[in-house]
Amino acid sequence: MKPINKFQSIFKESSHAGARTDIDNLVAKERSELITQAVGVVYIVFIMGITLAILLELKTAYQIDLFPGINTPFDDVYREAKGAINGESEQ
């Protein structure tokens, strides 16, 4: 049971049963901002991944090497992933 202040209406909560309090509005606003930020981070990571894949594909197609004869770990992972997608296996 909730104590009632001298100037507080007894029927305040029952008359506004569907009304949101300031705390509820604050929580909803913070949750919305958090979801917006999370979606933004996922979007940035997605764009970075696509950009990296395009750069590696161009590097593979045109044999562009910063250090000729040296493969970076990104090259190895990309080739393995591309081979797995295409159904090729290295032996």
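Visitor: Before we start, what does "buried" mean here?
Guide: Buried means under 20% relative accessible area. Over 50% is exposed, and partly exposed sits in between. Keep in mind that this is a predicted model.

Visitor: OK. How much of the chain is buried?
Guide: Buried residues make up 4% of the 91 residues. The chain exposes about 8,700 Å². Carbon and sulfur atoms supply 66% of that area.

Visitor: What's the fold made of, helices or strands?
Guide: Three helices and zero strands. The order from the N terminus is α-α-α.

Visitor: How do α2 and α3 cross?
Guide: Their axes come within 11 Å and cross at roughly 90°. That makes α2 roughly perpendicular to α3. From α2, the contact uses L52, A53, L56, E57, K59 and T60. From α3, it uses F74, D75, Y78 and K82.

Visitor: Switching to charges. How many salt bridges?
Guide: The structure holds three salt bridges. In one of them, the side chains of E57 and K82 meet at 3.0 Å, N to O. E57 lies in α2 and K82 in α3, so the pair ties together parts that are 25 residues apart in sequence.

Visitor: Is D75 buried or exposed, and why?
Guide: D75 counts as buried, because its relative accessibility is 4% and the cut-off is under 20%. D65 is partly exposed, at 34%.

Visitor: What else does D75 touch?
Guide: Leaving aside neighbours within four places in sequence, D75 contacts L56 and K59.

Visitor: New topic. Which residues form the nonpolar surface patch?
Guide: Y43, I44, F46, I47, M48, I50, I54, L55, L58, Y62 and I64. Together they have about 1,200 Å² of accessible area.

Visitor: Pick L58. Where is it, and how exposed?
Guide: L58 is found in helix α2. L58 is partly exposed, with a relative accessible area of 41%.

Technical notes. Residues numbered from 1 in each chain as written. Predicted model: local features only at pLDDT ≥ 70, side-chain atom pairs only at ≥ 80, totals over all residues. Heavy atoms only, no water. Helix = DSSP H or I, 4+ residues; strand = E, 2+ residues; numbered from the N terminus. Buried < 20%, exposed > 50% of the residue type's maximum accessible area, 1.4 Å probe, protein only. Areas by Shrake-Rupley, 256 points an atom, 1.4 Å probe, with all protein chains shown as cover. Patch = residues over 30% accessible without salt bridge, like charges linked within 9 Å, V, L, I, M, F, W, Y side chains within 5 Å. Salt bridge = Lys/Arg side-chain N within 4 Å of Asp/Glu carboxyl O. Contact = heavy atoms within 4.5 Å. Axes fitted to C-alpha atoms, helices over the stretch in contact; angles between N-to-C directions. Parallel < 35°, antiparallel > 145°, perpendicular 65-115°, else oblique.
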